[in-house]
2 protein chains.
Amino acid sequence: MSEQVDGRRRRYEHRRGEILEAATAHVLEHGVRELSLRKVSQTVGISHATLLHHFRTRDELVAEVVDQVVARALSVPSLDEADPDPLRTLWDRATADGGSPYVRLFLELAGMSMFGTSPVHEALVRSMRARIAALSEGLVRAGCPPRDAETHATWILGALRGLISDRFVTGDTARVDAAFEELHAAVARRAAQWRTAQNS
Amino acid sequence: MSEQVDGRRRRYEHRRGEILEAATAHVLEHGVRELSLRKVSQTVGISHATLLHHFRTRDELVAEVVDQVVARALSVPSLDEADPDPLRTLWDRATADGGSPYVRLFLELAGMSMFGTSPVHEALVRSMRARIAALSEGLVRAGCPPRDAETHATWILGALRGLISDRFVTGDTARVDAAFEELHAAVARRAAQWRTAQNS
């Protein structure tokens, strides 16, 4: 490999990161459905040909962007061990200021996977299972019997996801926020039972 | 208006219904994302030009299909007043034989509405609110104080939606079904409290 090719490759690799950054920012603001190769090449200020050099198809670009976004979303510590109320923390993060773009994107991707044709299906499945595992650990710390933790984590995360989806779609914040408080109270009652059982 | 034009219009209207049927069947099997004008014209056996005569854009076709699908989904009596366990009925309907295509489509549409750019956004919002209202009525019949019914309907439907989404995406039926049983038990405990309060 000549020096020249090597230098060009480094330049391309740099460019590739820049393209991914631009595409990621676009997706977090507008969703995956609105992502087009043309818009991304315009944002980065490169030609369509250069973009195609890095990502041959829209699906390839989407898959890489989503890998990056999912990796980021998962890299955020979802539950701090010292947090006395992790469920409220998750809710506040998802709903503050119109909602986390990561949560919104996550729900768009889940919708895209309904018929199993999404290029990001496998990454989404890994992410969903990792979230269940993280919440299960949190519930065990809160006193949940380890054998029941996955079941509880599944319905609690399901309810959170369903409520946030309702809130984004309908915009009925008062109705949905009241429902979250009810969910929160139900989980708190359950946690109190776990602690009582542990101490008896 | 001449007889000829009138006759042609009737024939077109007939054709329009046929096109909508084909598009609806396609959407229920493959989802909205996979719907293309080309595939629909192939299924019905008409030219692309004839299809465009009826639906100028893909979005227009999608909007009409979804109106039809949502109307059907809503026309099914979601909760029979005599059903002793409507929550399980909803679950069984959504999950039997790989899941109702209507539920799957509903979740795909909800995902598409995350960034507010979906052409079916308003129809989806109406549908979600109608479901909440229907379940609220069911909960009042089960003894829920009317002022709390909407809040409970919101989190219960949210949890159902979140669990079904998890089940379709991950395919982890055992984990998700166990979580549904936990949700079901939690709602049953709540209903028992409502009845005790009513009888006291």
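In the predicted model, residues 24 or more positions apart supply 62% of the contacts in chain A that have a separation of 6 or more. The secondary structure of chain A consists of nine helices and zero strands. Read from the N terminus, the order of elements is α-α-α-α-α-α-α-α-α. Chain A has 200 residues, and 48% of them are buried. The accessible surface of chain A is about 9,800 Å². Carbon and sulfur atoms account for 51% of that surface.

One helix pair in chain A joins α5, residues 86–95, with α9, residues 173–199. Their axes lie 10 Å apart, and the packing angle is about 160 degrees. Angles over 145 degrees count as roughly antiparallel, so α5(A) is roughly antiparallel to α9(A). The crossing of α5(A) past α9(A) is right-handed. On the α5(A) side, the contact is made by A:L87, A:R88 and A:W91. On the α9(A) side, A:V176, A:D177, A:F180, A:E181, A:H184 and A:V187 take part. By class, this contact of α5(A) with α9(A) holds five nonpolar residues, one polar residue and three charged residues.

Helix α9 of chain A also contains A:A179. A relative accessibility under 20% counts as buried. A:A179 has 0%, and therefore counts as buried.

Helix α6 of chain B spans residues 101–112, and helix α8 of chain B spans residues 146–170. The axes of α6(B) and α8(B) come within 11 Å and cross at roughly 100 degrees. Angles of 65 to 115 degrees count as roughly perpendicular, so α6(B) and α8(B) are roughly perpendicular to each other. From α6(B), the residues in contact are B:V103, B:R104, B:F106 and B:L107. From α8(B), they are B:R161, B:I164, B:S165 and B:F168. The contact of α6(B) with α8(B) comprises five nonpolar residues, one polar residue and two charged residues.

Terms used. Residues are numbered from 1 along each chain as its sequence is written. Chains are lettered from A and ligands numbered from 1 in the order in which they are written. This is a predicted model: local features need pLDDT of at least 70, side-chain atom pairs count only at pLDDT 80 or more; totals for chains, interfaces and linings use all residues. Side-chain values use heavy atoms; hydrogens and water are left out. Axes are lines fitted to C-alpha atoms, for helices over the stretch in contact, and angles run from 0 to 180 degrees between N-to-C directions. Helices (H or I, at least four residues) and strands (E, at least two) are DSSP runs, numbered from the N terminus. Angles under 35 degrees count as roughly parallel, over 145 as roughly antiparallel, 65 to 115 as roughly perpendicular and the rest as oblique. A crossing is left-handed if the near helix is turned anticlockwise from the far one by less than a right angle, and right-handed if clockwise. Contact means heavy atoms within 4.5 Å. Ala, Val, Leu, Ile, Met, Phe, Trp, Tyr, Cys and Pro count as nonpolar, Asp, Glu, Lys and Arg as charged, and the others, Gly among them, as polar. Buried means under 20% relative accessible area, exposed over 50%, partly exposed in between (1.4 Å probe, protein chains only). Accessible areas come from the Shrake-Rupley method with a 1.4 Å probe; for residues, only the protein chains shown count as cover.
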